[in-house]
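Here is a short report to read alongside the structure. It looks at a helix pair and then at a sheet.

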Amino acid sequence: MPECLSCACLMTPLEPNTVLKYPPLVRELHDVLRARQFPALPEQPGRIELLARLLDTSISEAMYVVAELHATLSDPGDICEFGVAQGATSALLANEIRATNKQLWLYDSFAGLPKPSPQDQLKDDIFGLGSMDRYEGQMRCDAAEVETRLAQIGFPAARYHVRAGLVDQTLREGEGPATVCFADVDFDFYAPIAHTLAYLDRHLSPNGRIVVDDYDFFSTGAKTAVDEFLQQHGGRYEFVRPPAFAGKFCVLRRIFAPEKSDLNVRAPAENHWQQPTLTGFLERLGRYRIGFATVIDVGASNGMWTREVIQRFPEKHYFLVEARREHEPALAAFAAENPRVRYAICAAADRPGEVHFHAGDLFGGLAAHAPFSEHDIVVPARTLDELAATHQLKPPFLLKLDTHGFEEQILAGAPTLLAQASLVVIEAYNHRMGFGNLLFNELCTFMAQRGFRSLDLFDPLYRPHDASFWQVDFAFARSDWHGFSHPSYL
Ligand SMILES: C[S@@+](CC[C@H](N)C(=O)[O-])C[C@H]1O[C@@H](n2cnc3c(N)ncnc32)[C@H](O)[C@@H]1O
């Protein structure tokens, strides 16, 4: 029995229960980093639990990864992890992209580390094996492990792609993601990292980011692959290393500098306003000279869209409407952070009362008056006109709908608000989704009948099923906007 330290008795001293203390410690570290290092990073339900389940990655490193990921979420492209192992980081990434339509691509041999190449000299003997050759086959995990983790957090199987095998065989032109906005590269060794960086350079979106783990740690190969890559593509990437406490990794941030062959498909850096992204739209919005005082974000989920907009227009007011109570903690935290943000938990509809809601996906819900055959819940419903009156929302309005097919009903409950709206942004669809949604061309006609013309479009999405156009965010302005009377391109 250990002795009491303060006297010579044999009493057992009280020790902290380190197991119980771990989750609150993760929460504490997360909150400190968010407050001090990443103030723009939104809260995300489930993040703390997934941070606490990481195996080889420190909380600080994971927070950097998450912050880099979020910086790219309004850009086109998918998310990749190269070197998945048991999939703890994959689950963290998946949780962060729930609200988006991005796909998650997961690459691993699932047979452990490959044979090291001559560039892989043992720098830090992490498992104490004595030589680099002995690392071949280490870190082997089963692909089923990552699938289990993704199933545990309810990430839909249709949104991720596991590519098992050596990456030089599985990551080939025409078979991998066409556009990537964020990649986490954690292969440890020179050859797979060099192969992956070369692919990413051809497919990274203009503001895309790559985190390469183990830079100058374990094998010398990771650093050599990155350094060679930067020599070859000098000037196209900003090279960032985190503070020492955060770990041994580096970030490659794409700086858009087009080659001649890129000029017809991408806008140069100073032309952010030409990009078909939310960032590009917000740039253009600043130039349209259309007044709005309050942004009403309907189908706000955890407030991710408004968080982007408020950075560009911090002087506006924001009112968020979300049907799922599960998002309330994130919305309450957002409102507590910023006095210009308010929210209501209800579905927007054509009449007050209750509506049925498809609750299959926390970020993809849909309201209806008739019950759904599966995932049906009933939620309170209010009209936007009543909400605007009750909360004394200040016109003119920028109304945003991300409501998956209930737009006609929502606008039927908002004639007064619509008359005071200068802009309406609606996620529009190109396929019938089975619940009566308008097609984008029908939506344009519908809005024309209400005095609006299409002004802008951004964030187009093409579906994996057949590569066809799936959805786009359409912005409508009042038909008498001064720009519509300007007849020429210049
Ligand atoms: C450090 S672990 C990844 C850890 C994981 N990213 C995490 O955060 O939990 C490295 C992984 O890379 C995989 N790997 C290494 N070289 C590879 C290659 N050439 N092709 C495919 N997978 C490879 C290994 O099987 C191993 O699972």
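Y190, I193, A194 and L197 of helix 7 meet G221, A222, T224, A225, E228 and F229 of helix 8; contact here requires C-beta atoms, placed from the backbone, within 7 Å. The contact between helix 7 and helix 8 has 7 nonpolar, 2 polar and 1 charged residues. This is a predicted model: local features need pLDDT of at least 70, side-chain atom pairs count only at pLDDT 80 or more, and totals for chains, interfaces and linings use all residues. Residues are numbered from 1 along each chain as its sequence is written.

The axes of helix 7 (residues 190-203) and helix 8 (residues 221-232) come within 8 Å and cross at roughly 30°. That makes helix 7 roughly parallel to helix 8 (angles under 35 degrees count as such). The crossing of helix 7 with helix 8 is right-handed, meaning the near helix is turned clockwise from the far one by less than a right angle. Helices are DSSP runs of H or I with at least four residues, and strands are runs of E with at least two.

Now to the sheet. Its 7 strands form an open sheet with mixed pairing, in the order 3-2-1-4-5-7-6; two strands pair if DSSP finds at least two bridges between them. Neighbouring strands of this sheet are turned by 15° against each other on average, direction ignored.

| Edge strand | Residues |
|---|---|
| strand 3 | 160-164 |
| strand 6 | 237-240 |

Each edge strand pairs on one side only. Strand 1 (residues 78-82) and strand 2 (residues 104-108) pair in the parallel sense over 4 bridges, and F82 has Y107 in strand 2 as its bridge partner.

Definitions and conventions: Axes are lines fitted to C-alpha atoms, for helices over the stretch in contact, and angles run from 0 to 180 degrees between N-to-C directions. Angles under 35 degrees count as roughly parallel, over 145 as roughly antiparallel, 65 to 115 as roughly perpendicular and the rest as oblique. Two residues are in contact if their C-beta atoms, placed from the backbone, lie within 7 Å. Ala, Val, Leu, Ile, Met, Phe, Trp, Tyr, Cys and Pro count as nonpolar, Asp, Glu, Lys and Arg as charged, and the others, Gly among them, as polar.
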